[in-house]
Amino acid sequence: AEDLAFDAATGRWFVSSVHRREILVKASGRPWRVFAGRGLSGVLALGLDAPRRCLWATSVGLPQAADLIAADRDRSALVAFDPDSGRELRRIPLEGQGHALGDMAVASDGTVFVTDSQGGGLYRLDPGGKALAPLVAPGTFRSPQTPVVVEGGILVPDYSKGLAFVPASGGAARWLEVPAGADLRGLDGMALSGHRLYAVQNGVSPNRVLALDLDAGFAKVERVTVLMKVSEATHVLLQGGALFLLADNGWDRFGPDGALVK
């Protein structure tokens with residue numbers, strides 16, 4: 001399991017599965033069931049555009065994805081589903097090898113921002129757009145993770161570098177200042193409330209959840225607070241005043257070749 005989303009209109013939870021190549025859904029009082037899976041590779045990020053009734057997902061041909069045919073390996077796509085019926089609405093590939101569309105953020109106007117964890121780029125899909133457009137060039141980051149939309153731009157955690165700000169119009173990434181002794185490498189899932197950023201740091205052992213208090217201009221991390229230590233965590237989600245965490249997700253059960261570790 002990699003990412004989660006909540007649909008307040010229906011009270012249902014969605015979770016992505018890399019190995020099973022599916023999106024699962026759960027309504028209150030009912031068991032989990034398969035929501036979508038046909039034609040998907042390993043499913044990573046989920047992003048719900050509730051006003052436009054669209055559930056976005058990233059599909060990547062990862063080694064951990066079960067029964068993947070050779071032609072689908074190293075392929076990446078952004079896929080949209082009707083969150084009510086599960087019907088696929090759109091599929092937007094990122095052509096070429098060396099890409100892995102990993103994490104995303106959906107802005108209030110329906111714009112989708114997606115990171116390429118393998119190619120090192122940040123891409124933008126405008127509402128109604130037919131192709132992903134680079135907001136920053138591939139290679140800008142080493143391994144960008146979950147973007148977060150803020151006033152004037154996007155916050156992007158780079159797994160090996162730290163936390164960056166990218167202007168909404170594109171251009172050079174600016175790295176945020178951090179308190180002395182703080183290390184923000186290894187960040188993955190993030191969620192924002194005002195100027196407090198909640199982040200999963202799974203590049204350390206044990207994994208932990210941080211609260212990062214940011215300045216008014218999103219140029220500096222003023223304080224870092226460790227909220228909890230967890231095992232195999234990936235993403236967080238703010239919903240109804242609570243912070244939900246996806247942990248014990250199973251990544252440690254697979255080797256680098258994608259084979260299940262006995």
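How many bridges join E10 to strand E11, and in which sense do they run?

Analyst: The model is a predicted one. Five bridges join E10 to strand E11 (residues 121-125), and the two run antiparallel. Within this pairing, Val112 stands opposite Leu125 in E11. The two strands form a hairpin with four residues between them, and Gly120 in that turn has a positive phi of about 80°.

E10 also pairs with E9. Four bridges join E9 to E10, again in the antiparallel sense. Here Leu101 stands opposite Asp116 in E10. E9 and E10 make a hairpin too, with five residues between the strands; Gly110 takes a positive phi near 95° in this hairpin.

E10 itself covers residues 112-116 and is mostly covered, with five of its five residues buried. Both of its faces are covered. Val112, Val114 and Asp116 are buried on one side, and Phe113 and Thr115 are buried on the other. Asp116 is therefore counted as buried, a label that stands for under 20% relative accessible area.

Strand E9 (101-106) is one of the elements that give two or more residues to the lining. The others are strand E1 (4-7), E5, E13, E17 and strand E21 (235-239). The largest share of the lining, five residues, comes from E21.

E21 pairs with strand E22 (residues 242-246) in the antiparallel sense over five bridges. Gln239 stands opposite Ala242 in E22. These two strands form a hairpin with two residues between them, and Gly240 in the turn has a positive phi of about 60°.

Val236 has its place in strand E21. Val236 counts as buried because its relative accessibility is 7%, and the label requires a value under 20%. Leaving aside residues up to four places away in sequence, Val236 touches Gly189, Met190, Ala191, Tyr198, Val200, Leu243, Phe244 and Leu245. Val236 and Val209 are 27 residues apart in sequence, and their C-alpha atoms are 8.8 Å apart in space.

In the loop between strand E20 (221-230) and E21 lies Glu232. This residue has a positive phi of about 50° although it is not a glycine. Glu232 is partly exposed because its relative accessible area of 24% falls between the limits of 20% and 50%.

Leu163 can be followed through its contacts. Not counting residues up to four places away in sequence, Leu163 touches Leu155, Val156, Pro157, Arg174, Trp175, Leu176, Met190, Leu197, Leu212 and Val221. Met190 is also among the residues that Val236 touches.

Pro206 lies in the loop between E18 and E19. The peptide bond from Ser205 to Pro206 is cis, with omega near 0°. As background, most residues other than glycine have a negative phi, and most peptide bonds are trans.

Strand E7 (residues 76-81) and E8 pair over six bridges in the antiparallel sense, and Val79 stands opposite Arg91 in E8.

The loop between strand E6 (54-60) and E7 holds Asp67. Asp67 has a positive phi of about 55° although it is not a glycine. Asp67 counts as exposed because its relative accessibility is 74%, and the label requires a value over 50%.

Conventions
Residues are numbered from 1 along each chain as its sequence is written. This is a predicted model: local features need pLDDT of at least 70, side-chain atom pairs count only at pLDDT 80 or more; totals for chains, interfaces and linings use all residues. Side-chain values use heavy atoms; hydrogens and water are left out. Contact means heavy atoms within 4.5 Å. Two strands pair if DSSP finds at least two bridges between them. Buried means under 20% relative accessible area, exposed over 50%, partly exposed in between (1.4 Å probe, protein chains only).
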